[in-house]
Amino acid sequence: MSQNKHQDSNQMTGAAMIVRALVDHGVKHIFGYPGGAVLPIYDEIFQQRDIEHVLVRHEQGAGHAAEGYARSTGKPGVALVTSGPGATNMVTPLADALMDSIPLVCITGQVPTHLIGNDAFQECDTVGITRPCTKHNWLVRDIKDLPKVLHEAFYVATSGRPGPVVVDVPKDLQFATGTYTPPRKSDVHASYKPQIKGDAGQIRKAVALLLNAKRPVIYTGGGIINSGREASKTLRALVEATGFPITSTLMGLGAYPASGKNWLGMLGMHGTYEANMAMHDCDVMLCIGARFDDRITGRTDAFSPGSKKIHIDIDPSSINKNIRVDVPIIGDAGSVMADLLQAFKAEGKTPRIDPWWFEIGRWRARNSLAYKKNDDVILPQFAIQRLFEATRGRDTYITTEVGQHQMWAAQFFGFDEPHRLMTSGGLGTMGYGLPAALGVQVAHRDSLVIDIAGDASVQMTMQEMSTAVQHDLPIKIFILNNQYMGMVRQWQQLLHGNRLSHSYSEALPDFVKLADAFGCVGLQATSPSDLDAAIAEMIAVKKPVLFDCRVAALENCFPMIPSGKAHNEMLLPAEANDDVTAAAFAGGKALV
Ligand SMILES: Cc1cc2nc3c(=O)[nH]c(=O)nc-3n(C[C@H](O)[C@H](O)[C@H](O)COP(=O)(O)OP(=O)(O)OC[C@H]3O[C@@H](n4cnc5c(N)ncnc54)[C@H](O)[C@@H]3O)c2cc1C
Ligand SMILES: Cc1ncc(C[n+]2csc(CCOP(=O)(O)OP(=O)(O)O)c2C)c(N)n1
């Protein structure tokens, strides 16, 4: 087997060009699933050693694994799938990556050019289907265009606001021979040139607002993670220099450390009381790389009514999309923050905001994440706290599924570094966390990678445990098993008269036996006193683990801003528990 059989010549088949382009873009791993329309590419993969191919069990798994890989490394994730059902199975990860600004390059096989439009075997209109869920996509019709399109695909996926792209390659082009040209600077997209540096005049206006603020708040998001590790460092310096309180969206957790003294906790629907009240009552809001999502704003006409808003975002279409702002600054978060920090420091003044910190202290004292201790049943919040304690000081990456467990992970696992939390925020895709963990583990072979899961979500992509076994990826699936689709049950309880329509997970598999069947390790904890030892065992095992953590069935996730309410109308645990949880116990199927 040669190192790369086409290394020395620029004349090659389309399939070989694809592999060569991946190598030239520094790709080391791809996630995929073969089929007729990509067999020439798989044949090339077989004959080289530069790229490791991870064979998943379902194309959705390839997409989420590529997302986890991308988010944890900052590099693009690459997926390869066949035409027709292979491509349609990729739609969910593409939509997921588009919502969460994740750079993905997806190569799909297509039926031969002369059969396109003939209802050929395994034909679908891949570019049509994926147009609304990609940043850009291409159907390549001429071998001459293939190298340029591939290079452009990497450029578009990774520059500006990152996102997923699809390159659809008909099978005859994969067999055809042409000339490969390596990537060159001139290959960048003719019209797509994102603005990186912020406008100096706008930055001066922002500094003036910050200097005169009495009740400022910094609201950060996933854009800081996208901007790279340096941006997180600059953010920390900015917080230090200004002394301002800071909160973040789910997608931005870790950019500023959860252990940092100015940290208010996550904001939004399940954010802390102090974070949401600070957002509501602030006079100057500095939003960096966040998009005023509806989980954040609640009722938009009541969103932070008295504040001047500064918004730093690389995508002009994010500005004024949901909330009108006073000082928009288009540019890369890291670059704009660096200029802002310099201009702020040059003024030689720090605003006095002691009364504001005093007010925040009063909100903090409400202790909005409190929960009642229970010695008999494992409470999910307690389970996450113990998991966090057990992994402290370790090189740990967390992925999540979607539901209550995801929110408890955000609330109770303290993220001190960026790129450590991989979660489906915008699309909210159940089944994301397990394959995403695979992708993270492929990129970080020696790290501890844990998917914090729900019993319903994890069943959506459970087959990928087999991928973990095949590729020797010791991921840990920590299932908070409440035997319900907990988040759905919570909403039914609060908003639909506690009619728990189809949210009870009957006929759950025995996760310990299932682990055994997959060739992984199955562990279970049923009482609080078992938990620490079982978590320690999970961490020590060098194989993939399914951990069945039996938790209280009817615990609710608070605080919560009910849909369509304002930040200052949030439900705190005590207030909510009194009138609602009692009803749940009367009507629900209490299992634990
Ligand atoms: C069940 C559930 C509950 C949820 N509850 C909450 C909640 O309580 N709180 C919460 O915060 N979220 C919650 N979410 C997540 C929520 O749906 C959104 O995904 C999230 O709030 C969006 O985060 P963001 O604003 O940081 O945007 P992202 O989606 O991360 O977007 C990033 C923004 O930054 C910009 N950007 C990208 N790159 C750069 C760059 N280099 N420089 C500058 N700008 C850049 C982009 O243009 C975009 O505007 C929940 C999700 C689920 C599934
Ligand atoms: C693919 C998909 N289908 C449906 C939903 C709607 N949904 C959101 S949370 C949830 C329940 C999740 O249950 P589980 O995984 O057990 O987690 P829990 O809320 O109990 O922690 C559902 C069905 C979704 N987010 N994704």
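How many nonpolar, polar and charged residues does the shell around ligand 1 have? By class there are 13 nonpolar, 16 polar and 7 charged residues; here Ala, Val, Leu, Ile, Met, Phe, Trp, Tyr, Cys and Pro count as nonpolar, Asp, Glu, Lys and Arg as charged, and the others, Gly among them, as polar.

Before you click further, a word on the ground rules. This is a predicted model, where local features need pLDDT of at least 70 and side-chain atom pairs count only at pLDDT 80 or more, while totals for chains, interfaces and linings use all residues. Residues are numbered from 1 along each chain as its sequence is written, chains are lettered from A and ligands numbered from 1 in the order in which they are written, and side-chain values use heavy atoms, with hydrogens and water left out.

**Stop 1: ligand 1**

Select ligand 1 and show what is around it: 36 residues, with Gly222, Thr249, His270, Arg291 and Asp313 the closest. To be near, a residue must have a heavy atom within 4 Å of the molecule. Now look for polar contacts (pairs of N or O atoms within 3.5 Å; within protein, one must be able to donate a hydrogen and the other to accept it, and residues adjacent in sequence count only if both atoms are side-chain atoms). The side chain of arginine 291 puts an N or O atom 2.8 Å from an oxygen of ligand 1. Go to aspartate 332 next, where a polar side-chain atom sits 2.8 Å from a nitrogen of the ligand. At alanine 333, it's a backbone N or O atom that lies 2.8 Å from a nitrogen of ligand 1. The protein buries 96% of the 990 Å² that ligand 1 exposes when taken alone (Shrake-Rupley areas with a 1.4 Å probe; for residues, only the protein chains shown count as cover).

Color the helices now (DSSP runs of H or I, at least four residues, numbered from the N terminus). H10 (222–227), H13 (294–297) and H17 each supply at least two residues of this shell, and H10 has the largest share, with 4.

**Stop 2: ligand 2**

Move to ligand 2, which has 17 residues around it; His405, Gly428, Ser457, Gly486 and Met487 come nearest. Zoom in on the backbone of glycine 486: an N or O atom there is 2.7 Å from an oxygen of the ligand. For alanine 456, the backbone distance to a ligand oxygen is 3.0 Å, and for aspartate 455 it is 3.3 Å.

**Stop 3**

**Stop 4: two serines**

Jump to serine 368, in the loop between H15 (354–364) and H16 (380–391). Is serine 368 buried or exposed? It counts as buried because its relative accessibility is 2% (buried is under 20%, exposed over 50%, partly exposed in between; 1.4 Å probe, protein chains only). A polar atom of its side chain lies 3.1 Å from the backbone nitrogen of tyrosine 273.

Finish at serine 501, in the loop between H20 and H21 (511–518). At 45% relative accessibility, serine 501 counts as partly exposed.
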